[in-house]
Amino acid sequence: MLMLGGSMITTNFQITALTTLKGYSETYAGSFGTALMIGAILGSIFLPPVILGSKKAPLLLLLSGLSAALGMIAIPLGSAILIYIGSFANGFLRSGIISVMMTLPVMFPEIGPRYAGTAGGLAVTMELIGAVVIPTYIIVPLGSGNLIAYFMLGALCTAVSAVLCSTASRVLTK
């Protein structure tokens, strides 16, 4: 819920932030979104097997989430090359973590494959609620129109999500 809520800030405000804060044209600002989407595709494919195949999954989830948060902060504050790197890293890491989080409910012994459909449906529902509720009713009112504050609050949501996901995976690996 928190990861998707934070990621929607990047998705919804990236072009606005770059045109307003950096003075980039809409076309140029959109190219950073392309880097983010390419990173998201690759992260969804390559990161889950690396994390789920590792004995250090909790640490990898934590580091990936914190790195994704740093990538989000680089978007409104960095130079053009740093924005490309931050956008790609944010997309790669957050999409990979979201893919891993989708599998976590099935790994709990109480849920397992028998209740996987229900658990997956509940997880997706929470993510989608987070995508709407967190940006609309929490981040935007708290940010009060400050685009940098939006990205900082979105990064905070991503970081908190990484801690929670790391904790949940730590419980599963014991």
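Me: Which residues of H2 do Thr 10, Gln 14, Ile 15, Leu 18 and Thr 19 in H1 meet?
Reply: They meet Glu 26, Ala 29, Gly 30, Phe 32, Gly 33 and Leu 36 in H2. To meet is to be in contact, with heavy atoms within 4.5 Å. This model is predicted: local features need pLDDT of at least 70, side-chain atom pairs count only at pLDDT 80 or more, and totals for chains, interfaces and linings use all residues. Residues are numbered from 1 along each chain as its sequence is written, and side-chain values use heavy atoms, with hydrogens and water left out.

Me: How do H1 and H2 pack, by angle and axes?
Reply: The angle is about 145°, and the axes are 8 Å apart. Each axis is a line fitted to C-alpha atoms over the stretch in contact, and angles run from 0 to 180 degrees between N-to-C directions. The helices themselves are DSSP runs (H or I, at least four residues), numbered from the N terminus. By class, this H1 and H2 contact has five nonpolar, five polar and one charged residues. Nonpolar covers Ala, Val, Leu, Ile, Met, Phe, Trp, Tyr, Cys and Pro; charged covers Asp, Glu, Lys and Arg; the others, Gly among them, are polar.

Me: What makes the crossing of H3 and H4 left-handed?
Reply: In a left-handed crossing the near helix is turned anticlockwise from the far one by less than a right angle; clockwise makes it right-handed. H3 and H4 cross in the left-handed way. H1 passes H2 in a right-handed crossing. H2 and H4 also make a right-handed crossing.

Me: What angle and axis distance describe H3 and H4?
Reply: H3 (residues 57-77) packs on H4 at an angle of about 145°, with the axes 7 Å apart. On the H3 side the residues include Gly 65, Ala 68 and Met 72, and on the H4 side they include Asn 90 and Arg 94. The residues of this contact divide into ten nonpolar, seven polar and one charged.

Me: At roughly what angle do the axes of H2 and H4 cross?
Reply: They cross at roughly 35°, and the axes come within 6 Å. H2 spans residues 26-52. By class, the contact has 21 nonpolar, eleven polar and one charged residues.

Me: Why is Thr 10 called buried?
Reply: Its relative accessible area is 0%. Buried means under 20%, exposed over 50%, and partly exposed in between (1.4 Å probe, protein chains only). So Thr 10 counts as buried. Thr 10 is in H1. Not counting residues up to four places away in sequence, Thr 10 touches Leu 36, Met 72, Ile 75, Asn 90, Arg 94 and Phe 151.

Me: How do you know that Thr 158 is buried?
Reply: The relative accessible area of Thr 158 is 1%, so Thr 158 is buried. Thr 158 is found in H6. Leaving aside its neighbours within four places in sequence, Thr 158 is in contact with Leu 2, Met 3, Gly 6, Gly 65, Ala 68, Ala 69 and Met 72.

Me: Why is Met 8 called partly exposed?
Reply: The relative accessible area of Met 8 is 23%, so Met 8 falls in the partly exposed class. Met 8 lies in H1 (residues 2-21). Beyond its neighbours within four places in sequence, Met 8 is in contact with Ala 131 and Pro 135.

Me: What class does Leu 153 fall in?
Reply: At a relative accessible area of 21%, Leu 153 is partly exposed. Leu 153 is placed in H6. Leaving aside its neighbours within four places in sequence, Leu 153 is in contact with Ile 139, Leu 142 and Gly 143. Leu 153 and Val 140 are 13 residues apart in sequence and 9.1 Å apart in space, C-alpha to C-alpha.

Me: Why is Ser 144 called exposed?
Reply: The value is 62% relative accessible area, so Ser 144 is exposed. Ser 144 sits in the loop between H5 and H6. Ser 144 has a positive phi of about 50°, although it is not a glycine. Most residues other than glycine have a negative phi.

Me: What volume does the largest pocket have?
Reply: The volume is about 430 Å³. A pocket is an open set of points on a 1 Å grid over the protein atoms alone, where a 1.4 Å probe fits, with protein on both sides within 12 Å along at least five of seven lines. Volume is the space filled by probe spheres set on the points, which are joined across faces, edges and corners.

Me: Which residues lining the largest pocket are the closest to its centre?
Reply: Of the 16 lining residues, the closest to the centre are Met 1, Met 101, Pro 105, Ala 123 and Met 126. Lining residues have an atom within 4 Å of a point. H4 (80-107), H5 (116-143) and H6 (147-173) each supply at least two residues of the lining. H5 gives the largest share, five residues. The lining divides into 14 nonpolar, one polar and one charged.
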